[in-house]
Amino acid sequence: MKSYHDSYRYYVYIMASQKNGTLYTGITNDISRRAFEHKTHFNPESFTSRYNVNKLVYIEVFENPEYAIVREKQIKSWSRQKKIELIQSFNPEWKDLYEYLNC
């Protein structure tokens, strides 16, 4: 029997203002929508709006929401340097991955 969560994907992601710039780590079940919200400053009072953090530079995909939450908390607890190393290993050119999403 399939559970409610079986049909969903959960994304842990990192947004950046620029290469080696301000970083934001988040979690969502709709990466296209969430990245769009960051890019368009959907919430003008948010951290990402205030610091112009609008480039999607890292994504991990999970089928289990609990695993995604644990991973997000793990990444958030890391030093800035460790987060940069994670981004560099996945996306060495710091390309904005939003343009590669099927929106």
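Trainee: Hello! How many salt bridges does the structure hold?

Mentor: Welcome! This is a predicted model, so local features need pLDDT of at least 70 and side-chain atom pairs count only at pLDDT 80 or more, while totals for chains, interfaces and linings use all residues. Residues are numbered from 1 along each chain as its sequence is written, and side-chain values use heavy atoms, leaving out hydrogens and water. Counting a salt bridge as a side-chain nitrogen of Lys or Arg within 4 Å of a carboxyl oxygen of Asp or Glu, the structure holds 7.

Trainee: Which helix holds both R33 and E37?

Mentor: Their side chains meet in a salt bridge of 3.0 Å, N to O. Helices (H or I, at least four residues) and strands (E, at least two) are DSSP runs, numbered from the N terminus. R33 and E37 sit 4 residues apart, about one turn, in helix α1.

Trainee: Is E37 buried or exposed?

Mentor: Buried means under 20% relative accessible area and exposed over 50%, with partly exposed in between (1.4 Å probe, protein chains only). E37 has a relative accessible area of 14%, so E37 is buried.

Trainee: How many residues apart are D96 and K39?

Mentor: The side chains of D96 and K39 meet in a salt bridge of 2.6 Å, N to O. This pair links distant parts of the chain, with D96 in the segment after α4 and K39 in helix α1. D96 is buried at 14%, whereas K39 is partly exposed at 24%.

Trainee: Which residues does H38 touch, not counting residues up to four places away in sequence?

Mentor: H38 lies in helix α1, residues 31–39. With 2% relative accessibility, H38 counts as buried. Contact means heavy atoms within 4.5 Å, and by that rule H38 touches Y13, M15, Y24, T48, V53 and N54.

Trainee: Which side chain makes a polar contact of 2.9 Å with that of H38?

Mentor: A polar contact is a pair of N or O atoms within 3.5 Å; within protein, one must be able to donate a hydrogen and the other to accept it, and residues adjacent in sequence count only if both atoms are side-chain atoms. The partner in this 2.9 Å contact with H38 is T48.

Trainee: What distance does helix α3 reach from its first C-alpha to its last?

Mentor: Helix α3 covers residues 65–77, which makes 13 residues. The expected span of a helix is 1.5 Å times one less than its number of residues. For α3 the expectation is 18 Å, and the helix comes close to it, reaching 18 Å.

Trainee: What arc do the buried residues of α3 cover around the axis?

Mentor: These buried residues are P65, A68, R71, E72 and I75. The arc is that of the directions from the helix axis to the C-beta atoms. They lie on the same side of α3, because the arc they cover is only 120°.

Trainee: Which residues are exposed on the other side of α3?

Mentor: The buried residues have cover that includes β1 (10–16), β2 (23–28), β3 (55–62) and α4 (80–90). On the other side of α3, the exposed residues are Y67, V70, K73 and S77.

Trainee: At the start of α3, which residue has a side-chain oxygen within 2.7 Å of the backbone nitrogen of E66?

Mentor: The C-alpha atom of this residue is separated by 24 Å from that of H38, 26 residues away along the chain. The residue whose side-chain oxygen reaches E66 is N64.
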